[in-house]
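Dear colleague,

My findings follow directly after it.

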Amino acid sequence: MDTIIVKGGQKLSGTVKIEGSKNAVLPIITASLLASKNKSNIKNVPRFSDVGILSELLSFIGADVNLKENELVVDATPKLNCNAPFHLVSQMRASMLVMGPLLARYGYCNVAMPGGCAIGSRPIDFHIKGFEKMGVQFTTKDGSYEGRIDGRLKAANIYLDFPSVGATQNLMMGASLAEGTTIIDNVAKEPEIVDLANYINAMGGKVRGAGTSRLKIEGVESLTGCEYTVIPDRIEAGTFMIAGAITRSEIRLENVMSEHLTALISKLEEVGIDIIQDGNDVIVKPMRSYKPIKVKTMPHPGFPTDLQSQMMALLTTVEGTSTITETIFENRFMHVNEFNRMSTDIEVDDNRAVIKGGTEMKGARVRATDLRAAASLILAGLVSDGYTEVTELKHLDRGYVDFHLKLRNLGANIERTGDVSDTTVLS
Ligand SMILES: CC(=O)N[C@H]1[C@@H](OP(=O)(O)OP(=O)(O)OC[C@H]2O[C@@H](n3ccc(=O)[nH]c3=O)[C@H](O)[C@@H]2O)O[C@H](CO)[C@@H](O)[C@@H]1O
Ligand SMILES: C=C(OP(=O)(O)O)C(=O)O
């Protein structure tokens, strides 16, 4: 079993380069299925395991997919089979985003139910209701959603009960080839929504209003594959900002769009860390003695749930009482038990965690409970006494490339066992 072992106590310095965004590239890859003419050439593609699984799904569906270094070429012009089976969909939620493109191009899809996962039940009722408004009839059979419509999807006025990122993306993709103009209200405003809209527009689509609460999508007859560069990963950037902050170290991050991270930057400043913009780079500069704060996760531009556990790692090192309220997912505090194995003092009451910080953390054997928890436990290990061993690294690999190597380049005392290219023994 792969394990990351960290010996705490090392300061960091130097520069780390941020990858392309996982949450932008996944919908963009599925949107490449919309192109009935030409290949799509997607650049700045991070080599996360999720990208590999989604590429496998697209191949299964009948597209020609070729990933070389950080460039993914998708040819979706051959006839697609419209089936997304459980063994692929169950490995990652974003894979059910093939629903919109398949319904839009073929009026049919058979997509396995993604099911719940560790952080919450994560239903897809908003996606289904939206497509039903566009004329699709669904049946559920053998654990799959089978959707059908005669002819093209029909434009509709849709309201989302919650600004769901995935529902906004799925419906936006469907509407881009629908008959007429679709309005979707209370949509998600995340930067990854804007990136998807830009990509669809680069293919010849007519999506307006991305980044606001209302999308207006004029359906076009067909879309054409094009070249597109994915935005940098704001969550990886945020994770490394917190790596600098937690170790009280000045580090530089390359390839960051700090305008995507205003909530985190504001909260880091409140704690006592300056984030300085330098072109496309940012410098993380711990300034003062740190202060405890209150954090509440919210849809963008609020504080992102995907940085909640990393922020918790930082706040365990800040003397005084901090609180974190999680409002997006109903079960996203599983990392608390793992942190507490490292002698932190965190109590959870419903969706609120109370962190009594500043006590000495001790290295321990801990289990990554989800993707961001994996990164957070490693961050905590950087400042704990002795050795921290983090297992279940399949979660980490979904959304970070060479996380331990990037930290080691910054000076961390860290290794990954089970990795043949990395046999250093910590001393
Ligand atoms: C691949 C990707 O981009 N994943 C991100 C995406 O996930 P994802 O798109 O799954 O997240 P959503 O925004 O859809 O989910 C937010 C909340 O809405 C609920 N909901 C959602 C859809 C639905 O039909 N019904 C429903 O009740 C979910 O259970 C959850 O409680 O946004 C999340 C919230 O920022 C991030 O944490 C994930 O990293
Ligand atoms: C929850 C996340 O991703 P996903 O929606 O792919 O599970 C995440 O990136 O932290």
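In this predicted model, an open sheet of mixed pairing is built from 4 strands in the order E5-E6-E4-E16; strands here are DSSP runs (E, at least two residues) and helices likewise (H or I, at least four residues), numbered from the N terminus, and two strands pair if DSSP finds at least two bridges between them. Strand E5 (64-68) and strand E16 (227-229) each have a single partner strand and stand at the edges, so one side of each is left without a neighbour in the sheet. From one strand to the next, the twist averages 15°; axes are lines fitted to C-alpha atoms, for helices over the stretch in contact, and angles run from 0 to 180 degrees between N-to-C directions. The pairing of strand E4 (residues 40-43) with E16 is parallel, over 3 bridges, and Lys 43 faces Thr 229 of E16 across it.

Residues are numbered from 1 along each chain as its sequence is written, while chains are lettered from A and ligands numbered from 1 in the order in which they are written. Because the model is predicted, local features need pLDDT of at least 70 and side-chain atom pairs count only at pLDDT 80 or more, whereas totals for chains, interfaces and linings use all residues.

A second open sheet, also mixed in its pairing, has 4 strands in the order E11-E12-E14-E13. At its edges stand strand E11 (157-159) and strand E13 (206-208), each with a single partner strand, so one side of each is left without a neighbour in the sheet. On average, neighbouring strands of this sheet are turned by 15° against each other, direction ignored. E13 and strand E14 (residues 214-218) are antiparallel partners over 3 bridges, and Lys 206 has Glu 218 in E14 as its bridge partner.

Strand E25 (residues 387-391) pairs with two strands described here: with strand E1 (residues 3-7) in the antiparallel sense over 4 bridges, and with strand E24 (residues 365-367) in the parallel sense over 3 bridges. Within E25, Thr 388 is the bridge partner of Val 6, and Thr 391 stands opposite Arg 367. Thr 388 and Val 390 make up the covered face of E25, and Tyr 387, Glu 389 and Thr 391 the uncovered one.

A residue is buried if 20 or more other C-beta atoms lie within 10 Å of its own, exposed if 12 or fewer, and partly exposed in between, with C-beta atoms placed from the backbone.

Ligand 1 is surrounded by 22 residues, the closest being Asn 23, Phe 126, Ser 164, Val 165 and Gly 166; a residue counts as near if its C-beta atom, placed from the backbone, lies within 6 Å. Helix H1 (22-31), helix H5 (125-133) and helix H6 (165-175) each supply at least two residues of this shell. Asn 23 also belongs to the surroundings of ligand 2, together with Met 92, Arg 93, Ala 94, Asp 306, Leu 371, Arg 372 and Gly 399.

Yours sincerely
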